[in-house]
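Here is a colleague's note to read beside the model, written as numbered points. Please keep the sequence and the 3D view open while you go through them.

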Amino acid sequence: MREVAVLGVGQTKFGELWDRSFREIGIEAGLEALVDAKLGSGDVNGLYLGNMAAGSLLSQEHIAPLIADYAGLAGRHLPVVRVEGGGASGALALHQGYLAVASGLYDFVVVGGAEKMTDVADATANQIASATADHEWEVVFGATLPALWALIARRHMHDFGTTSDQLARVAVHDHEMAGKNPLAHYRNRLTVEQVLGAGRVAEPLGMLDCSPLSDGAAAIVLGPLEGARKHTDSPIRIAASEVASDTMAVQHRTEITTLASTVAAAQRAFARARRAPADVRVAEIHDAYTISALLSLEDLGFVPKGGAGPAFAAGDFGPHGRLVVNPSGGLKAQGRPFGAVGVAQVAEIVRQLRGEAKERQVSGASVGLAHDVGGTGATSVVHLLERVN
Amino acid sequence: MSIARFWRETPRRYNLGGSRCGRCGTVYFPPRAVCPTCPHHRETLAQMAPFQISGEGTVFSYTVVHEAAEGFEMQVPYVLALVRTIEGPILTGQIVDIEPSAVGIGLKVRATFRKLREEGKAGVIHYGYKFTPVPEPESPAVPRGRGAGTPASEAGRSDRAAA
């Protein structure tokens, strides 16, 4: 196994990009990452593209060659692969790219993530997203993705005393962070009262407890760590890339307030990187719903089970905290183009570790973590990244 | 959803047919081909036997849904719950015949046969289980299914299965 480094990153604005097509945003992110890595498209050995549901959202399957074609790569006949794992598709694609470079089979790969959520009506997009839950035993009985997370939230409140006020503070935090991110879908500030007063989606979750439907794309160029300085002044090493799975349906878990897949992925990642949660200075975590952020922080090992609500309320994860959470604004405020999320999270960690995050730069960041979840936790992916000195 | 896709699950959705592991005794719903609990999955392949779930249980968690799943738009707000059955498995389903504000964790419920949703005016109608509260103290057993033992005031509700 070779050491793998991130050589370049690219990302489009996230939001309702009505004037831009799926292929346009995919290509923009990919080419930006290649330029950042000082690589030409002729140097690339392969493409892995994370995408949740282009078939349902755009009536377009077979999208990896589509993006490669319009990026000018058709004539090079590259191996190109689409990777799907619900909301974790992007991070899964990155894992595949990591394996390809680590194995020595490929030297340079582009990992992309792209999703176009707003070419269909909101209700349709939400139904398509709910297909990442168990259709036969959850959705058929009236479940939606937010409803399933609401079931988790209600039980978390029951077992640990978590409050709606604490949940609201996750949204307030994310919006505050996104204020400094020019690529974010929402940069406005929120108050706890606004979150609590928003229309209900699935109690106890309201509209402002839920991440938005966003369009967007992100890309990363990977290569061997050895020789990485030819491409970048600040190569970022992938210290761990770990994927874990769990039951498809929430109903089949013994503990619904824990994402066992996240626990497993995090434990493997910290073991492989020989790191502990206390070493992490900056983290992009799954916060598709405010309750998701609490489970993420607990199951990644940053706070004890039940402790995330009070920790958020105390403001522990802000710009001056020991651990800075979601400097991009997270899924809640930077936005949620499903298949792009996992790639964008790692892109943000790379910018932070390079010291290129401008206004939202986290001081002293040398170890960062990215955490992506599909559905209600049937898939979790954890990446640990380190600055190379 | 095609007719076949829903029809093939009717033994589970209409009659709560689950399975039980012949090695460790754990009950599953829906039925499973191998036992995830036993350490040697392969050895349970031929030992998973059909097992009937009673449908009696308690609310493990619940939510009041305002933004409906596809086909449930006419039912909002509706209560969706995880119900822990007395046999062990947790089922996802609606709690009906009760004010949403009266639902809480620990509420005793039992499964009942209802209409789940219909695919438009000309499409397939899906039936399956929902849950209704069990009066406390426990009333004498009444026959379950298709409207039996339900108060007359609730007749004609949109989720009531056609007899």
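1. In chain B, 34% of the 163 residues count as buried, where a residue is buried if 20 or more other C-beta atoms lie within 10 Å of its own, exposed if 12 or fewer, and partly exposed in between, with C-beta atoms placed from the backbone. This is a predicted model, in which local features need pLDDT of at least 70 and side-chain atom pairs count only at pLDDT 80 or more, while totals for chains, interfaces and linings use all residues. Residues are numbered from 1 along each chain as its sequence is written, and chains are lettered from A and ligands numbered from 1 in the order in which they are written.

2. The secondary structure of chain B consists of 2 helices and 8 strands, and from the N terminus on these elements follow the order α-α-β-β-β-β-β-β-β-β. Helices (H or I, at least four residues) and strands (E, at least two) are DSSP runs, numbered from the N terminus. Among contacts in chain B between residues at least 6 apart in sequence, 54% join residues at least 24 apart; two residues are in contact if their C-beta atoms, placed from the backbone, lie within 7 Å.

3. Chain B is divided into domain 1 (17-52) and domain 2 (56-136), with bounds that come from an automatic or database domain assignment. The C-alpha centres of these two domains of chain B lie 26 Å apart, and their contact takes 5 residues from domain 1 and 4 residues from domain 2. On the side of domain 1 of chain B that touches domain 2, the residues divide into 3 nonpolar, 2 polar and no charged, where Ala, Val, Leu, Ile, Met, Phe, Trp, Tyr, Cys and Pro count as nonpolar, Asp, Glu, Lys and Arg as charged, and the others, Gly among them, as polar.

4. Chain B also has an open sheet of 3 strands in the order S2-S1-S3, with antiparallel pairing; two strands pair if DSSP finds at least two bridges between them. Its edge strands are S2 (27-28) and S3 (48-52) of chain B, each of which pairs on one side only. Strand S1 (residues 17-21) of chain B is joined to S2(B) in the antiparallel sense over 2 bridges, and B:Arg20 has B:Val27 in S2(B) as its bridge partner.

5. How many residues does each chain give to the contact between chain B and chain A? Chain B gives 24 residues and chain A gives 26 residues. Strands S4 (56-65), S5 (78-85), S6 (90-95) and S8 (125-133) of chain B each supply at least two residues of the side that touches chain A, and by class that side of chain B has 13 nonpolar, 8 polar and 3 charged residues.

6. Chain A is divided into domain 1 (4-121 + 214-236) and domain 2 (129-211 + 238-387), whose C-alpha centres lie 23 Å apart. Their contact takes 38 residues from domain 1 of chain A and 36 residues from domain 2 of chain A. The elements that give two or more residues to the domain 1 side are strand S1 (4-11), helix H4 (89-103), strand S4 (109-115) and strand S7 (216-224) of chain A, and H4(A) gives the most, with 8 residues.

7. In chain A, an open sheet of 10 strands has the order S3-S2-S4-S7-S1-S8-S12-S11-S9-S10, with mixed pairing. Strands S3 (80-83) and S10 (324-325) of chain A stand at the edges with a single partner strand each, so one side of each is left without a neighbour in the sheet. Within this chain, S1(A) and S7(A) run antiparallel and are joined by 7 bridges, and A:Val6 stands opposite A:Leu222 in S7(A).

8. A:Leu222 is also among the residues with the most contacts inside the largest nonpolar core, which has 174 residues; such a core is a set of buried Ala, Val, Leu, Ile, Met, Phe, Trp, Tyr and Cys residues joined through C-beta atoms within 7 Å. Leaving aside neighbours within four places in sequence, A:Leu222 is in contact with residues including A:Val4, A:Val6, A:Tyr98 and A:Val111.

9. Is helix H10 (residues 290-299) of chain A mostly covered or uncovered? Helix H10 of chain A is mostly covered, with 10 of its 10 residues buried, and H10(A) is followed by A:Gly301, whose phi is positive, near 95 degrees.
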